[in-house]
Amino acid sequence: MTKGPLDGIRVVDLTRIFSGPICGRVLADLGADVIKVEPPSGDLTRPVPPVDDDGIGVTFSHMNAGKRNICVDLKAEGAPELVAALADQADVLLENYRPGVMARYGLSYEELSARNPRLVFCSITGFGQTGPWTHRRAHAPMMHAVAGTIELAARLREGEPLQEIHQHGDLYAGFISVSAVLAALYQREHTGTGQHLDVAMAETLIYANDQAGNDLSGYDGPRDFDTWNYAVARTADGQAVSLIGNPEQMLPRWVAALGGNADDCPDQPTREEALAMLRGLVAGFSTYEELAEVVEQQPLPAARISSVAELAASDWAADRGLIAEIRPGIPVPAKPFAMGDATVGVTHRSARLGEDTRSILADDLGLDDDEIAHLIVRGAVHPAD
């Protein structure tokens with residue numbers, strides 16, 4: 001296997017929780033040398049259980065696998081200068097502080113790009129670097145509320161608003177940031193200079209909303225892709241199955257495919273009637289495997305409703321190398337995609353807090369033992385040992 005496509009690219013990752021860390025994780029999976037700069041208190045996700053013997057949780061490992069780690073207290077004397085020195089050698093800097101925080105430490109894009117004009121500086125915030133909402137707080141559940149994610153689900157399901165399970169606001173912003181960074185690196189090949197990338201969680205949520213066009217145009221009629229209404233039924237052994245397609249429209253075809261009596265289908269079934277018929281027919285099959293033998297002969301898709309762990313235990317997952325156990329008992333998704341002629345995916349475990357502090361200071365910044373000891377005494381850095 002060859003090296004990763006981003007081999008030779010260095011990233012300084014000052015982000016925490018999800019939006020920035022997942023961006024840094026993908027860049028590391030693509031071969032970049034990613035240095036996570038973490039405060040002494042640690043990333044908030046680091047202790048989220050389950051954790052290993054080093055106190056590193058699986059959530060933290062998922063977001064930060066493959067990165068080196070230096071523990072820096074930006075509030076301490078000399079610490080911002082260390083980060084600036086790292087940025088001098090970097091191709092990319094990631095940060096998801098609120099606007100203005102980096103400038104307080106002398107680490108704004110303007111200051112760092114003056115020292116390193118090739119630097120791609122990616123800022124991830126809730127509402128962007130400009131505009132009247134710049135300083136609003138922005139956690140993913142708040143963004144789901146503001147950007148229509150919760151309201152749309154409640155409206156289309158005709159129910160009360162419910163919080164989202166996944167951190168869509170963070171993760172969409174992180175993945176969009178990967179695209180932005182790669183685009184900026186490509187443009188730098190032509191211009192010779194980096195730039196400031198301004199990624200707003202609110203914008204990415206709207207951009208990734210496949211129903212946004214309907215609401216923006218004022219349309220409130222039937223929606224062709226009403227997947228939230230697709231039927232879920234159970235076989236006799238209790239296995240849940242997703243039946244693809246609008247149940248009222250697809251009822252005659254499903255009835256015929258599942259061995260029902262077409263004469264029992266109402267001409268214009270209500271949703272409740274359609275769901276009741278479909279659930280009754282599916283319950284007539286002992287197992288999903290028995291149902292699949294029938295359905296797979298038809299142009300009607302159905303799928304077993306499985307957990308992440310169940311999919312990870314499948315032959316398909318083993319063949320694809322879906323999961324990597326980077327620490328004992330700490331499995332994480334191994335890669336974002338496969339690439340024919342390059343290595344893509346996690347290369348090493350997530351680091352202990354400050355695990356690479358000494359080596360980064362010595363090998364990357366060229367500091368000697370006395371200089372490193374002085375930084376430790378001042379509290380600017382915190383080695384793991």
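Trainee: Which residues does arginine 68 touch, not counting residues up to four places away in sequence?
Mentor: This is a predicted model, in which local features need pLDDT of at least 70, side-chain atom pairs count only at pLDDT 80 or more, and totals for chains, interfaces and linings use all residues. Residues are numbered from 1 along each chain as its sequence is written, and side-chain values use heavy atoms, with hydrogens and water left out. Taking contact to mean heavy atoms within 4.5 Å, and leaving out residues up to four places away in sequence, the residues that arginine 68 touches are Arg10, Asp33, Val34, Ile35, Lys36, His348, Asp356, Ile360 and Asp364.

Trainee: Is arginine 68 buried or exposed?
Mentor: Arginine 68 is placed in strand E3, residues 68–71, where strands (E, at least two residues) and helices (H or I, at least four) are DSSP runs numbered from the N terminus. Buried means under 20% relative accessible area, exposed over 50%, and partly exposed in between, with a 1.4 Å probe and protein chains only. Because its relative accessible area is 19%, arginine 68 is buried.

Trainee: What relative accessibility does glycine 24 have, and which residues does glycine 24 touch beyond four places in sequence?
Mentor: Glycine 24 is found in helix H1, which covers residues 19–29. Glycine 24 counts as buried because its relative accessibility is 0%. Once residues up to four places away in sequence are set aside, glycine 24 touches Asp13, Val34, Lys67 and Leu94.

Trainee: What distance separates the C-alpha atoms of glycine 24 and alanine 338?
Mentor: Along the chain, glycine 24 and alanine 338 are 314 residues apart. In the model, the separation of their C-alpha atoms is 18 Å.

Trainee: Why does glutamate 371 count as partly exposed?
Mentor: Glutamate 371 lies in helix H17, which spans residues 369–378. Glutamate 371 counts as partly exposed because its relative accessibility is 39%.

Trainee: How many helices and strands does the protein have, and what share of its residues is buried?
Mentor: The secondary structure comes to 17 helices and 11 strands. Of the 385 residues in the protein, the buried share is 46%.

Trainee: What are the dimensions of the box that the C-alpha atoms fill?
Mentor: Among contacts in the protein with a separation of 6 or more, residues 24 or more positions apart account for 70%. Taken along the principal axes, the box filled by the C-alpha atoms is roughly 85 × 45 × 40 Å.
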